[in-house]
Each structure stands twice: as C-alpha cells, then as structure tokens.
Amino acid sequence: NKDRTVVSVGGNGSVSKVSDLLSWMADYSIQRCKSDKDFPNAAIPSRCMRLALRLSNMRDQGVWCIPSHEYKKIAREIDVRYEKSTETLQQHTQLLHCWGLIHHHYRHLHLRKTIVLDVPWVTRVLSAICCCIPLP
C-alpha cells in the first residue's frame with residue numbers, strides 16, 4: 001500500500017521501558033492528529049457526530065443494515081451540505097468505518113450498496129462461516 005508509513009522509535013535508547021514507549025506513542029498520535037489532512041487538529045465536524053449518533057440510535061433499535069441510498073438520505077436530513085459534497089460524505093463514512101461504527105466497502109462494486117450498522121454481527125457471521133467451512 002503506497003499510503004502506509006513505517007514508524008520507528010529510533011535506536012538512541014530513548015525508549016527503555018513500556019511507559020516510555022506509551023508516552024512516545026501518545027506524542028506521535030497527537031502529532032498525527034494535528035497534521036491530519038482531512039480532519040486537522042482532530043476537529044470532527046458536528047454533522048459527522050450527528051450522523052454517528054443517528055446511526056447508533058438506528059442500530060440500538062434493531063436495524064442492522066441499510067441500503068446506501070437510504071444512508072445518503074439520512075445524511076442529507078442531518079445536513080444539506082452532504083448533498084452538495086459527496087466527497088465530504090465519503091470522508092465521514094470512512095471515518096465512521098474506521099471508528100467501527102459502520103461496516104462499508106466503498107471500493108467494492110456490490111458491497112458498497114449496503115451500510116452495515118451492526119458491526120459485531122458481521123464479525124459473528126464471518127466467524128461462524130470460517131468455523132464451519134472444512135479445510136482441504
């Protein structure tokens with residue numbers, strides 16, 4: 001993957017304990033959040049948070065997946081700017097996917113038509129399928 005970055009603590013002996021490593025990781029994470037190109041200074045737009053809340057409420061009511069056109073409709077109901085910029089909606093969708101709130105394969109021709117709200121359900125189904133398939 002061309003976008004991956006290899007991170008090294010360095011060989012100067014600055015990390016000798018687990019607490020040093022955790023401190024270094026925290027500093028590195030803060031620096032990455034501040035320099036994020038999509039969400040600078042880790043500022044998440046309130047419309048994205050409202051979308052996350054609405055999807056969480058739907059999941060709590062027993063809805064485990066929705067078609068992508070319904071997802072876009074919900075996003076437009078939350079904020080009209082989602083209708084004007086599909087790129088912004090895609091960024092926010094990827095963020096919600098990274099957070100584990102939804103499961104979405106935006107690059108897959110058929111799977112991108114569905115947004116899964118119950119992510120633990122997907123994990124359980126895949127585990128069941130993997131356990132039940134006999135290996136050659």
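Start with Asp60. At 59% relative accessibility, Asp60 counts as exposed, where exposed means over 50% relative accessible area, buried means under 20%, and partly exposed is in between, with a 1.4 Å probe and protein chains only. Asp60 forms a salt bridge with Arg59. The closest N and O atoms of that pair are 3.9 Å apart. By salt bridge I mean a side-chain nitrogen of Lys or Arg within 4 Å of a carboxyl oxygen of Asp or Glu. Arg59 itself is partly exposed, with a relative accessible area of 28%.

A word on the source. This is a predicted model, where local features need pLDDT of at least 70 and side-chain atom pairs count only at pLDDT 80 or more, while totals for chains, interfaces and linings use all residues. Residues are numbered from 1 along each chain as its sequence is written, and side-chain values use heavy atoms, with hydrogens and water left out.

Now the helix. H2 covers residues 46-60. Helices here are DSSP runs of H or I with at least four residues, strands are runs of E with at least two, and both are numbered from the N terminus.

Next, the buried side. The buried residues of H2 are Arg47, Cys48, Leu51, Ala52, Leu55, Ser56 and Met58. They pack against strand S1 (65-67) and helices H3 (68-78), H4 (81-84) and H5 (86-99). Contact means heavy atoms within 4.5 Å. Just after H2, Gly62 takes a positive phi of about 100 degrees.

Back to charges. How many salt bridges does the structure hold? Four. One of them joins Asp79 to Arg50, with the closest N and O atoms 3.4 Å apart. Asp79 lies in the loop between H3 and H4 and Arg50 in helix H2, so the pair ties together parts that are 29 residues apart in sequence. Is Asp79 buried or exposed? Buried, at 10% relative accessibility. Arg50 is partly exposed, at 37%. Arg50, Asp79 and Arg81 are linked in a network of salt bridges.

Last pair. Glu77 forms a salt bridge with Arg54, the closest N and O atoms being 3.2 Å apart. Glu77 sits in helix H3 and Arg54 in helix H2, 23 residues apart, so this pair links distant parts of the chain.

Technical notes
The expected span of a helix is 1.5 Å times one less than its number of residues.
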